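Dear colleague,

I am passing on the structure below, and my notes on it follow. Please read them with the coordinates open.

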Amino acid sequence: MTEHSTGRGTAVITGAASGRGIGRALAGRLAAAGWHLGLLDIDPAVEKAAAEIRAEHGVGAVGAVADIADPAAVDAAVTAFEAELPPVTGLVNSAGVSSPVSFFDVDLATWERVMRINATGTFVVSKRVVPGMAERGHGRVVSLGSTAMQNGGGTYSKSTYAASKGAIEAFSRALALEVAPRGVTVNVVAPATIDTDIMGGRITDDRKPAFVSQLPVGRLGTTRDVAALVEFLLGEDAGYITGATYNINGGLRIG
Ligand SMILES: NC(=O)c1ccc[n+]([C@@H]2O[C@H](COP(=O)([O-])OP(=O)(O)OC[C@H]3O[C@@H](n4cnc5c(N)ncnc54)[C@H](O)[C@@H]3O)[C@@H](O)[C@H]2O)c1
């Protein structure tokens, strides 16, 4: 059986260092399913995450420290993955930053920082990884959008973040069209209010009721909720899904 016929070659996940984050939860889930992993993050804790994955699941896992918006650093990281792991068949662009600054208070430096990491970073990593997928005739790309890009901002983040995530969605749709004939799918997942540390730190017990009150399902989302959806979209059975956005928001936004 070839690697991609099992759907379990190597998946590159950006933003996999944060212990309570979506990328790290996804890494554990994919490793349990037999995927090999290239983990990329600006936080050196990514190397520890890769070591834990190797020890726990016995799959190949390489951690590399890189800023996703720095093409040279991304190239070095992906080159290291390619040297040590089976061909990359999955890419998950999960690294990102939030921004709660309102339009009236935001300055150009903040706008450029958020756009650079979220939008440019997704482009840079895709640009490095997707051509190899197209060449091999198989690939799955999943990028993290947000309800904020659909809803005029999020429960926490404002216009700058919403714009950066809107750019990811528009880019993903256009990329999906370009690479579809080469066997590569590109999709977006749009979560809201997942219990991680991205919204200015842990959602503490006193902050929780305010968030939960906006959610029809009556609870915060978990990294497991998101990881399960992404795992499906990376799999062999998701080959007819491309250019799609999947809401995963507890009913905060419908449609
Ligand atoms: N948590 C939520 O409620 C929520 C909602 C909607 C969308 N999202 C999106 O999901 C993704 C993951 O978020 P999370 O909640 O797991 O956040 P998190 O803060 O737990 O993890 C984000 C990771 O990205 C890394 N990172 C940040 N800047 C980077 C850079 N320049 N280069 C490389 N790595 C970088 C961080 O070090 C961290 O490990 C983000 O794109 C976020 O916008 C999260």
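The unreviewed UniProt entry carries the annotation "domain: Ketoreductase" for residues 9-192, a record given in the numbering used here, with a shortened feature name, that may be inferred rather than shown by experiment. In that span, whose end C-alpha atoms lie 29 Å apart, 48% is helix and 20% is strand, taking helices (H or I, at least four residues) and strands (E, at least two) as DSSP runs.

This is a predicted model, in which local features need pLDDT of at least 70 and side-chain atom pairs count only at pLDDT 80 or more, while totals for chains, interfaces and linings use all residues. Residues are numbered from 1 along each chain as its sequence is written, and side-chain values use heavy atoms, with hydrogens and water left out.

Around the ligand there are 26 residues (a heavy atom within 4 Å), of which Ser18, Ile22, Asp41, Tyr161 and Thr196 come nearest.

As for polar contacts (pairs of N or O atoms within 3.5 Å), a side-chain N or O atom of lysine 165 lies 2.8 Å from an oxygen atom of the ligand, and a ligand nitrogen atom is 3.0 Å from a backbone N or O atom of isoleucine 68. A polar backbone atom of threonine 193 is 3.4 Å from an oxygen atom of the ligand. Of the 830 Å² of accessible area that the ligand has on its own, the protein covers 93%, by the Shrake-Rupley method with a 1.4 Å probe.

Best regards

Note on methods: A polar contact is a pair of N or O atoms within 3.5 Å; within protein, one must be able to donate a hydrogen and the other to accept it, and residues adjacent in sequence count only if both atoms are side-chain atoms.
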